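Hi everyone, thanks for coming. Please have a look at the sequence and the model on the screen, and then we'll walk through them together.

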Amino acid sequence: MTEPKEMSTAASGEMTDLRLIELADRAREASYSPYSCFSVGAALLCADGRVYTGANIEVSSYTPTICAERVAIFKAVNDGVRDFTAIAISGGPHGDVTYSCSPCGVCRQVMAEFCSPDFRIILKTEDGCAAYTLADLLPLAFGKGDLKK
């Protein structure tokens, strides 16, 4: 786990972990989660300083449901952005965010596709935030390098 801090890339300006968490909180308000009542928001910081947000979207059959993290990443990728610095995640049942909402395995694998092992994952906590690297949360990740050409 790394200490919460200001983003180190010059392009990110004054973006701090806590400010990114605030953006994830705001994104969570757009969550469509009538079945689980577990709303999640994500704010993805790009190397150029842009921030893409996403909220989880559920459907009644659950399988096509998409997590907030993937919404944010796919929005950025769709815009041609592929260089990411960090993502902040805020979530909980009925809007109650009293613990860290860690990304699911599918989201971790998507992060491994588009992010480096030192990509920062910032989780909202009851008293602020906690930061991890992708390598912390997905050791021995399967990636592009594992596929034979």
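Let's start with E22 and R19, which are three residues apart in helix α1 and so are separated by about one helical turn. These two form a salt bridge, with the closest N and O atoms 3.2 Å apart. By salt bridge I mean a side-chain nitrogen of Lys or Arg within 4 Å of a carboxyl oxygen of Asp or Glu. Helices here are DSSP runs of H or I with at least four residues, strands are runs of E with at least two, and both are numbered from the N terminus. E22 is partly exposed, at 42% relative accessible area, and R19 is partly exposed too, at 32%. Those words have cut-offs: buried is under 20% relative accessible area, exposed is over 50%, and partly exposed is in between, using a 1.4 Å probe and protein chains only.

Before going on, please keep in mind that this is a predicted model, where local features need pLDDT of at least 70 and side-chain atom pairs count only at pLDDT 80 or more, while totals for chains, interfaces and linings use all residues. Residues are numbered from 1 along each chain as its sequence is written, and side-chain values use heavy atoms, with hydrogens and water left out.

How many salt bridges does a search of the whole structure find? The search finds five. In general, side chains of opposite charge can pair when their charged atoms come close. Are D17 and R120 buried or exposed? Both are buried.

K124 and D25 make another salt bridge, the closest N and O atoms being 2.7 Å apart. Because K124 lies in strand β4 and D25 in helix α1, the pair ties together parts that are 99 residues apart in sequence. K124 counts as buried at 18% relative accessibility, and D25 does too at 17%. Salt bridges with shared partners bring D25, R28 and K124 into one network.

Now let's zoom out. The chain has four helices and five strands, and reading along the sequence gives the pattern α-β-β-α-β-α-β-β-α.

The five strands form an open sheet with mixed pairing, in the order β2-β1-β3-β4-β5. Two strands count as paired if DSSP finds at least two bridges between them. Why is one side of β2 and of β5 left without a neighbour in the sheet? Because β2 (51-55) and β5 (128-133) stand at the edges, each with a single partner strand. From one strand to the next, the twist averages 20°. β3 and β4 run parallel and are joined by four bridges. I87 stands opposite I121 in β4.

Helix α2 packs on this sheet, touching β1, β2 and β3, and its direction makes about 140° with that of β2. For angles like these, axes are lines fitted to C-alpha atoms, for helices over the stretch in contact, and the values run from 0 to 180 degrees between N-to-C directions.

Next, the inside. In soluble globular proteins, nonpolar side chains tend to be buried together. A nonpolar core here means a set of buried Ala, Val, Leu, Ile, Met, Phe, Trp, Tyr and Cys residues joined through side-chain atoms within 4.5 Å. The largest one has 24 residues, and L44, F84, I87, M111, F119 and I121 have the most contacts inside it. α2 gives the most to this core, with five residues. A second, separate core of twelve residues includes M15, A86, A88 and I122.

Leaving aside neighbours within four places in sequence, F84 is in contact (heavy atoms within 4.5 Å) with residues including L44, A76, V77, F114 and F119.

Last stop: backbone angles. Most residues other than glycine have a negative phi. Y62 has a positive phi, near 65°, and its place is in the loop between β2 and α2. Y62 is partly exposed, with a relative accessible area of 45%. L140 also has a positive phi, near 55°, and lies in the segment after α4. At 88% relative accessibility, L140 counts as exposed.
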